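Hello,

Here is the structure for your files. Please open it first, then read the notes below.

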Amino acid sequence: PRLWLIVPAAGIGQRMQAEQPKQYLRIGQRFILDITLSRLMDSAPFSGCMVPLHPADHWWPDTEASGDSRIQTCTGGAERAESVLSALHALAEQIRDDDWVLVHDAARPCLHTRDLSNLIDQLYHHPVGGLLASPVADTLKRAGTGDLPEVLETVDRKNLWRALTPQMFRYRILVDSLEAALAGELLVTDESSAVEFSGNMPVLVEGRPDNIKITVPADLALAGFILSRF
Ligand code: CTP
Ligand code: MG
């Protein structure tokens, strides 16, 4: 099977509260989106890459990636899952059912090459696929609601993981799972949750915890620090 890449970049970065979507903020001289895309494209033999963009996006032509003929764009949707599905549909003519699709957030520029190659090597012969994940380090509380919610219980963190990206799935399983999950209005915050709902069992490959998603302003400085130590 061949390897394909989808990098959803159609979000507006509401929690970042910046002038432009966070994938178009710069770390050093470069757009976050360019750091993310070049790291991925330089590290694995992808047959192609699809980047869903917001319909009102006008920054893409300023990226380095826009000059890379291996990278194509399509129009994303209102939810992340819809953006990924639109990219999958855009690949339909070129891709085979058992080919691999890796989905990686544009807002995760700190992916290490070793984690990427490890994910591919570990899953390449698997029937379904899986994702990078990192064991939970904090003590976890389940609580009620309100301004000062009461603790209901401490959740045992043994066997609890943080889901990261890339997430890597067989094309047909991923398309069918996302279509079913969206039609059923299920809560799909990553590809794995949709695949789980369809009755398949993704597997976890342990990845580095510093593969962070840039979400709030403080994450920008943190990502800059992490990248400076690469
Ligand atoms: N994304 C997307 N299409 C959407 C929503 C999100 O392609 N409709 C992408 C984002 O661009 C980002 C990744 O999915 O690369 C992870 O989403 P998130 O961190 O939530 O980014 P935003 O939705 O942009 O941020 P926020 O939720 O704070 O608005
Ligand atoms: Mg979002």
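What covers the buried residues of H1? The cover includes S1, strand S2 (26-27), strand S3 (30-31), strand S5 (71-75) and helix H3 (113-123).

First, the ground rules. This is a predicted model, in which local features need pLDDT of at least 70, side-chain atom pairs count only at pLDDT 80 or more, and totals for chains, interfaces and linings use all residues. Residues are numbered from 1 along each chain as its sequence is written, while chains are lettered from A and ligands numbered from 1 in the order in which they are written.

Confidence: the protein has a mean pLDDT of 97, and 100% of its residues reach 70 or more. (pLDDT is the predictor's confidence in each residue, from 0 to 100.) The model's ipTM is 0.99 and its pTM is 0.97.

Helix H1
Helix H1 spans residues 32-41. Eight of its ten residues are buried, so H1 is largely enclosed by the rest of the structure. Buried means 20 or more other C-beta atoms within 10 Å of the residue's own; exposed means 12 or fewer, and partly exposed is in between, with C-beta atoms placed from the backbone. The buried set is Ile32, Leu33, Asp34, Ile35, Thr36, Leu37, Arg39 and Leu40. Helices (H or I, at least four residues) and strands (E, at least two) are DSSP runs, numbered from the N terminus.

Strands
S1 (residues 3-6) runs parallel to S6 (residues 100-103), joined by four bridges. Two strands pair if DSSP finds at least two bridges between them. Ile6 has Val103 as its bridge partner in S6, and Leu5 stands opposite Leu102. S1 also pairs with S4 (residues 48-53), again in the parallel sense, over three bridges. There, Leu5 faces Cys49.

S6 has a further partner. Four bridges join S6 to S10 (residues 161-170), and these two run antiparallel. Leu102 stands opposite Met168 in S10. Both faces of S6 are covered: Trp100 and Leu102 are buried on one side, Val101 and Val103 on the other.

Core
The largest nonpolar core has 54 residues. A nonpolar core is a set of buried Ala, Val, Leu, Ile, Met, Phe, Trp, Tyr and Cys residues joined through C-beta atoms within 7 Å. Val101 and Leu174 have the most contacts inside it. Beyond four places in sequence, Leu174 touches Leu88, Val101, Phe169, Glu191 and Val195. Contact means C-beta atoms, placed from the backbone, within 7 Å.

Two residues to look at
Leu53 lies in strand S4. Leu53 is buried, with 23 other C-beta atoms within 10 Å. Setting aside neighbours within four places in sequence, Leu53 is in contact with Ala9, Ala10, Trp60, Thr73, Thr75 and Gly76.

Val128 sits in the loop between H3 and strand S7 (129-135). Val128 is partly exposed, with 19 other C-beta atoms within 10 Å. The C-alpha atoms of Val128 and Arg170 are separated by 5.9 Å, though the two are 42 residues apart along the chain.

Ligand
Ligand 1 is surrounded by 23 residues, counted if the C-beta atom, placed from the backbone, lies within 6 Å of the ligand. The closest are Pro8, Ala10, Gly11, Gln14 and Arg15. The shell divides into ten nonpolar, eight polar and five charged residues. Here Ala, Val, Leu, Ile, Met, Phe, Trp, Tyr, Cys and Pro count as nonpolar, Asp, Glu, Lys and Arg as charged, and the others, Gly among them, as polar.

Best wishes

Note on methods
Contact = placed C-beta atoms within 7 Å.
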